[in-house]
Amino acid sequence: ICHGIPDTTVLKDGDIVNIDITVYHNGYHGDCSETLLVGNVDEEGKKLVRVTYECLMKAMEICKPGVPYSEIGNTIQKHADANELRVVTDFIGHGIGKAFHTTPNVLHFANNQNNGIMKEGHVFTIEPMINEGTIRNVIWPDQWTAATKDGKRSAQFEHTLLLTKNGVEPLTGRLPDSNPLTFLEE
């Protein structure tokens, strides 16, 4: 699901892999993540990755001053449910800046919690984790890696975002010469 620590596992054709990168620059943190296809991924895997990416994009689209943070989770949940996938509830997005994890808590699942109202200048992450099967997780012996309890696949995308008067400006992202997101080419 998230927080995997690189080891000697050899990726094989058909795998999906999430790469989560954090940066600390001039006293500020940044956090981003992307799920990549390894070789020839089956249609269900491509769908999982595509829908997870769409969940992030749809959530970013609704962000603007005056919107409750709970709308992020409601938006993600609606899209995941419509595609018969599950939204992880144990890990959340967060405020970010001089501290790595701070308020607001950004829930990625349908909720009516009062986590605040978006205001211009807020900096936070949206990082939906979407599963093929159960939302339940198991933490590996390294006390860090979270995997699905049923062993099914999970995907994640994340950006650090600055709320502007017109919406959000991603502070993390792909470069113009990055490889294309092949799961969008279907």
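**A nonpolar patch and an aromatic cluster**

Val23 is found in strand β1, a strand being a DSSP run of E with at least two residues, just as a helix is a run of H or I with at least four, both numbered from the N terminus. The model is a predicted one, in which local features need pLDDT of at least 70 and side-chain atom pairs count only at pLDDT 80 or more, while totals for chains, interfaces and linings use all residues. Residues are numbered from 1 along each chain as its sequence is written, and side-chain values use heavy atoms, leaving out hydrogens and water.

With a relative accessible area of 45%, Val23 is partly exposed (buried means under 20%, exposed over 50%, partly exposed in between; 1.4 Å probe, protein chains only). Together with Ile19, Ile21 and Leu36, Val23 makes a nonpolar surface patch of about 300 Å². Strand β1 (residues 16–25) gives the largest share of this patch, three residues. Patch residues have over 30% relative accessible area and no salt bridge, and nonpolar side chains are joined within 5 Å; a salt bridge is a side-chain nitrogen of Lys or Arg within 4 Å of a carboxyl oxygen of Asp or Glu.

Turning to the rings, the structure holds four aromatic pairs (centres within 6.5 Å; planes under 30 degrees apart are stacked, over 60 edge-to-face, the rest tilted). Tyr53 and Phe157 are edge-to-face because their planes stand at 75°, with centres 5.3 Å apart. This pair joins helix α1 (residues 43–62) to the loop between β10 (154–156) and β11 (159–164), 104 residues apart. Phe157 also pairs with Phe183 in a tilted arrangement, 5.7 Å centre to centre and 55° between the planes. Both Phe157, at 2% relative accessibility, and Phe183, at 3%, count as buried.

Note on methods:
Phe/Tyr/Trp six-rings, centres within 6.5 Å; stacked < 30°, edge-to-face > 60°. Patch = residues over 30% accessible without salt bridge, like charges linked within 9 Å, V, L, I, M, F, W, Y side chains within 5 Å. Areas by Shrake-Rupley, 256 points an atom, 1.4 Å probe, with all protein chains shown as cover.
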